[in-house]
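Please keep the sequence and the structure in view while reading.

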Amino acid sequence: MMRQLFYSRMAIISVSLVFVILYFMSNSVSAEKHSAFFIFGDSSVDPGNNNYIETIPENQANYKPYGQNGFFKDPTGRFSDGPEYAKLPIIPPYLDPSADYSHGVNFASGGAGILSTTNEGQAIDLKTQLKYFEEVEKMLTEKLGTSKAEEVISDAVYFFSMGSNDYLGGYLGNPKMQELHHPEEYVGMVIGNLTRAIQVIMRALAVEGGCFEQANALALAHNNALKTVLTNLEYLLKDFKYCNSDFYNWLHDRINNPSNYGFKEGVNACCGSGPYGGVFTCGGTKKLTTYEICENADDYVWWDSFHPTERIHQQFSKALWDGPQASVGPYNLRDLFFDYEKLTIADIVDEIPENENTL
């Protein structure tokens, strides 16, 4: 059971946090200037957009005990809370009517997929999130003027965090989809939609037992395909920079060796029911209403059946912000936000005067 639970969670998170950071650099950007932040995704980064749509309880987190960590006074709709490193204000959910989009906006929606057929009608899929982004472009132009709005959009960082729902629910939980598409074909559909989403942004700038093992295989296939796509885009698109993480192995180490990172529990969830807290009942709003909650979530790797604790997100955010290329690369987030230059040995040799480059 422990092995099954591990693979189910790892399959989810390895896809859900396979993301792309896109950075489009204008010549006028300085290291001191802060980039805006635009976020596309699912429950891993939903800031509360699902508070404003009709959906199922599993896709919402606007009830206790979510939001109990004190960073926010009450539940906000976030499945996982935490501050940001980029010295920006909290990035607001797109559907919040009082939101200020000047520093960016978060379009993410719990349950959302890269494919529109995933949890259709219950979440804001990637295609719709991109339409919302186009609306934000128009709003920024009206508020800031064309020149300033173009500067905000072109210098922004774009974050994609989604994919697990496509594989676990959209494919493995959908026998009809499995009949229609082989796994390799389905991965191609997901990657194709993600690639088109990147191109849309560019134009704007102009799981039990074997099932868990299958989910894990799909996740790894997705990751491998994404690496190839990102490498190709780096050659094809001018000024395209990205950040991609090896979150699977990063989290695997913390699950197996929690004490090395300040945790007491690497497998059991803080909030939930059943073996290892693996039944998704946290908050008591689902079909099964009973759940247990731990005394100190900071001791745990997992908050509920699917989502890591805030402390894990803090550690991962730190790794994303200034981690080495072994875990995040080819750029980390600090590089993208502040445009730090990466010098290669060839760059250094080129800068040495010719008379000093000889023995």
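The axes compared below are lines fitted to C-alpha atoms, for helices over the stretch in contact, and the angles run from 0 to 180 degrees between N-to-C directions. The model is predicted.

**Helix 2 and helix 3**

- Helix 2 spans residues 126–144 and helix 3 spans residues 146–154; their axes come within 7 Å and cross at roughly 140°.
- The two helices, helix 2 and helix 3, are therefore oblique to each other, and helix 2 passes helix 3 in a right-handed crossing.
- On the side of helix 2, the contact is made by Phe133, Glu137, Leu140, Thr141 and Leu144, while helix 3 contributes Thr146, Lys148, Ala149, Val152 and Ile153.
- Sorted by class, the contact of helix 2 with helix 3 has 6 nonpolar, 2 polar and 2 charged residues.

**Helix 8 and helix 9**

- Helix 8 (residues 247–256) and helix 9 (residues 310–322) have axes that come within 12 Å and cross at roughly 135°.
- Helix 8 and helix 9 are therefore oblique to each other, and their crossing is right-handed.
- Phe247, Trp250, Leu251 and Arg254 of helix 8 meet Ile312, Gln315, Phe316 and Ala319 of helix 9.
- This contact of helix 8 with helix 9 has, by class, 6 nonpolar, 1 polar and 1 charged residues.

- Strand 4 (residues 157–161) is mostly covered, as 5 of its 5 residues are buried.
- In a regular strand, the side chains alternate between the two faces of the sheet.
- In strand 4, Val157, Phe159 and Ser161 point one way, Tyr158 and Phe160 point the other way, and all are buried.
- Strand 2 (residues 37–41) pairs with strand 4 in the parallel sense over 5 bridges; Phe159 in strand 4 is the bridge partner of Ile39.

**Features of the backbone**

- The peptide bond from Lys64 to Pro65 is cis, with omega near 15°, and Pro65 is found in the loop between strand 2 and strand 3.
- A cis peptide bond also joins Gly329 and Pro330, with omega about 0°; Pro330 is found in strand 11 (residues 328–330).
- Asn119 has a positive phi of about 50° although it is not a glycine.
- Asn119 has its place in the loop between strand 3 and helix 2, and Asn119 is partly exposed because its relative accessible area is 28%, a value between the cut-offs of 20% for buried and 50% for exposed.

Terms used: Residues are numbered from 1 along each chain as its sequence is written. This is a predicted model: local features need pLDDT of at least 70, side-chain atom pairs count only at pLDDT 80 or more; totals for chains, interfaces and linings use all residues. Side-chain values use heavy atoms; hydrogens and water are left out. Helices (H or I, at least four residues) and strands (E, at least two) are DSSP runs, numbered from the N terminus. Angles under 35 degrees count as roughly parallel, over 145 as roughly antiparallel, 65 to 115 as roughly perpendicular and the rest as oblique. A crossing is left-handed if the near helix is turned anticlockwise from the far one by less than a right angle, and right-handed if clockwise. Contact means heavy atoms within 4.5 Å. Ala, Val, Leu, Ile, Met, Phe, Trp, Tyr, Cys and Pro count as nonpolar, Asp, Glu, Lys and Arg as charged, and the others, Gly among them, as polar. Buried means under 20% relative accessible area, exposed over 50%, partly exposed in between (1.4 Å probe, protein chains only). Two strands pair if DSSP finds at least two bridges between them.
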